[in-house]
Amino acid sequence: MVSMVRSEDDVLHGKDNGNNFKEIKCKANMVGSNGMSWINEIPICPTFYPTMEEFEDPLSYLEKIAPAASKFGICKIVSPISTSVPAGVVLMKEKSGFKFTTRVQPLKVAKWDSDDLTKYYMSGRKYSFREYEKIANRLFAHKFSTSANLPAKFVEQEFWHEITSGKTEFVEYACDVEGSAFSKSANDPLGNSKWNLKDISRLNKSVLRLLETSIPGVSDPMLYIGMLFSMFAWHVEDHFLYSINYHHCGASKTWYGVPGHAAYDFENVVQKYVYDGEILMHEGVDATFNLLIGKTTMFPPEILSEHEVPVYKAVQEPGEFVITFPQAYHAGFSHGKHIDIYVYIAILCFIFSCIWLFCQHFHCHGQE
């Protein structure tokens with residue numbers, strides 16, 4: 001991992017500190033001929049509102065909604081209860097000395113040929129939560145001249161404009177930070193429920209409770225601490241597991257999801273219309289899948305819609321969960337500073353589903 005040391009002003013204005021960012025914004029092939037009109041055409045994924053009784057058992061509830069919700073790749077669940085201790089307070093007061101290192105994300109759409117491969121492996125600075133919050137707030141105010149929340153579609157349009165032809169070169173994203181922002185307070189309703197992601201993998205129906213060793217991000221949750229336009233590129237979860245993400249606080253996040261049954265079609269479109277043939281030659285039979293595993297491939301979902309790959313959208317607000325289903329490719333970005341937490345889920349019916357998906361994956365790729 002390459003280490004980068006920049007001033008706060010560099011981070012605010014997205015400036016290169018010397019020679020790390022030589023990429024040129026790509027305007028031609030990734031934006032399409034219809035401008036941003038496609039933003040209004042991506043259908044919304046389903047949102048579920050469990051009752052207090054249904055909310056008592058998260059894994060049973062997920063089993064209940066999975067047959068319908070999985071057809072969309074992603075779905076939202078709105079919690080009927082909330083946290084009483086803000087996540088920022090947890091990170092600053094309950095976790096003494098909490099600091100995290102960011103990852104630098106180029107704000108660009110790569111051409112994906114041998115001369116233009118996007119990399120997110122450069123390490124940023126180490127921050128306390130308050131230090132990062134200060135920079136994230138300044139970046140938002142610098143971009144929009146306000147601190148108020150903005151309409152989701154407006155921010156979505158600004159995001160795609162920025163990474164295709166904007167002036168900001170990079171943002172910093174603290175992803176995969178070990179830990180949790182659920183409070184230890186006995187008076188916190190959500191923190192003391194079974195939906196506390198610190199404990200969900202250890203519930204009776206969870207297959208992951210059988211793991212002999214805790215694995216961060218799999219059985220133990222990880223934090224995402226982001227700023228305006230920090231993003232997560234197109235990917236599927238490891239081992240085709242389900243994931244659950246809880247939005248603790250801050251600005252909204254936009255998600256895009258492709259249902260698992262269309263995963264192979266998704267990969268075909270990426271192979272034909274995103275990646276250059278030259279880089280695929282060096283990756284073998286599973287070239288497209290292997291490149292996507294790197295979680296650095298970002299492109300507008302318009303490309304999928306144009307080639308009849310189903311894609312759905314969610315705008316996640318604080319207090320909402322997003323579920324991703326097995327083999328569902330997904331991507332998204334932040335509307336401003338936020339704190340999220342995620343972990344994987346596996347129960348028996350999910351395991352049978354994953355086994356079937358693995359068989360389908362290797363059958364399809366074996367025919368190439």
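Trainee: What makes G332 count as buried or exposed?

Mentor: Please note at the outset that this is a predicted model. The relative accessibility of G332 is 0%, and a residue is called buried when that value is under 20%. G332 therefore counts as buried. The residue lies in strand 12, which covers residues 330–334.

Trainee: Which residues is G332 in contact with, apart from its neighbours within four places in sequence?

Mentor: The contacts of G332 are M231, F232, T254, W255 and M298. For the protein as a whole, 85% of the contacts with a separation of 6 or more are between residues 24 or more positions apart.

Trainee: Why is the pair of W234 and F299 called stacked?

Mentor: Two values are needed, the distance of the ring centres and the angle of the planes. The centres of the W234 and F299 rings are 5.4 Å apart, which is within the limit of 6.5 Å for a pair. Their planes stand at 25 degrees, and planes under 30 degrees apart count as stacked. The pair is therefore stacked.

Trainee: What parts of the chain does this pair tie together?

Mentor: W234 belongs to strand 7 (residues 231–235), whereas F299 is in the loop between helix 9 (287–293) and helix 10 (302–306), so the pair ties together parts 65 residues apart in sequence. W234 has a relative accessibility of 0% and counts as buried; F299, also with a value of 0%, is buried.

Trainee: Why is the pair of F100 and Y127 called tilted?

Mentor: The centres of F100 and Y127 are 6.4 Å apart, and the angle between the planes is 40 degrees. Stacked requires under 30 degrees and edge-to-face over 60, and the pair of F100 and Y127 is accordingly tilted. F100 is in strand 3 (residues 99–106) and Y127 in strand 4 (residues 123–128), 27 residues apart. F100 is buried at 2% relative accessibility, and Y127 is buried at 3%. The count of aromatic pairs comes to 27.

Trainee: How do you know that strand 10 is largely enclosed by the rest of the structure?

Mentor: Strand 10 (residues 312–316) has five residues, and five of the five are buried, so the strand is largely enclosed. In a regular strand, side chains alternate between the two faces of the sheet. Both faces of strand 10 are covered, with Y312, A314 and Q316 buried on one side and K313 and V315 buried on the other.

Trainee: Why are the buried residues of helix 3 said to be on the same side?

Mentor: The buried residues of helix 3 (residues 58–69) are P58, L59, Y61, L62, I65, A66 and A69. They cover an arc of only 140 degrees around the axis, which puts them on the same side of helix 3. On the other side, K64 and P67 are exposed.

Trainee: Why is S145 called exposed?

Mentor: The relative accessible area of S145 is 66%, and exposed means over 50%. S145 is therefore exposed. S145 lies in the loop between helix 5 (129–144) and helix 6 (152–165), and its phi is near 60 degrees, a positive value in a residue other than glycine.

Trainee: What makes E308 exposed?

Mentor: E308 has a relative accessible area of 73%, against the cut-off of 50%, so E308 is exposed. E308 is in the loop between helix 10 and strand 10, and phi of E308 is near 60 degrees as well.

Key. Residues are numbered from 1 along each chain as its sequence is written. This is a predicted model: local features need pLDDT of at least 70, side-chain atom pairs count only at pLDDT 80 or more; totals for chains, interfaces and linings use all residues. Side-chain values use heavy atoms; hydrogens and water are left out. Rings of Phe, Tyr and Trp (its six-membered ring) pair if their centres lie within 6.5 Å; planes under 30 degrees apart count as stacked, over 60 as edge-to-face and the rest as tilted. Helices (H or I, at least four residues) and strands (E, at least two) are DSSP runs, numbered from the N terminus. Buried means under 20% relative accessible area, exposed over 50%, partly exposed in between (1.4 Å probe, protein chains only). Contact means heavy atoms within 4.5 Å. The arc is that of the directions from the helix axis to the C-beta atoms.
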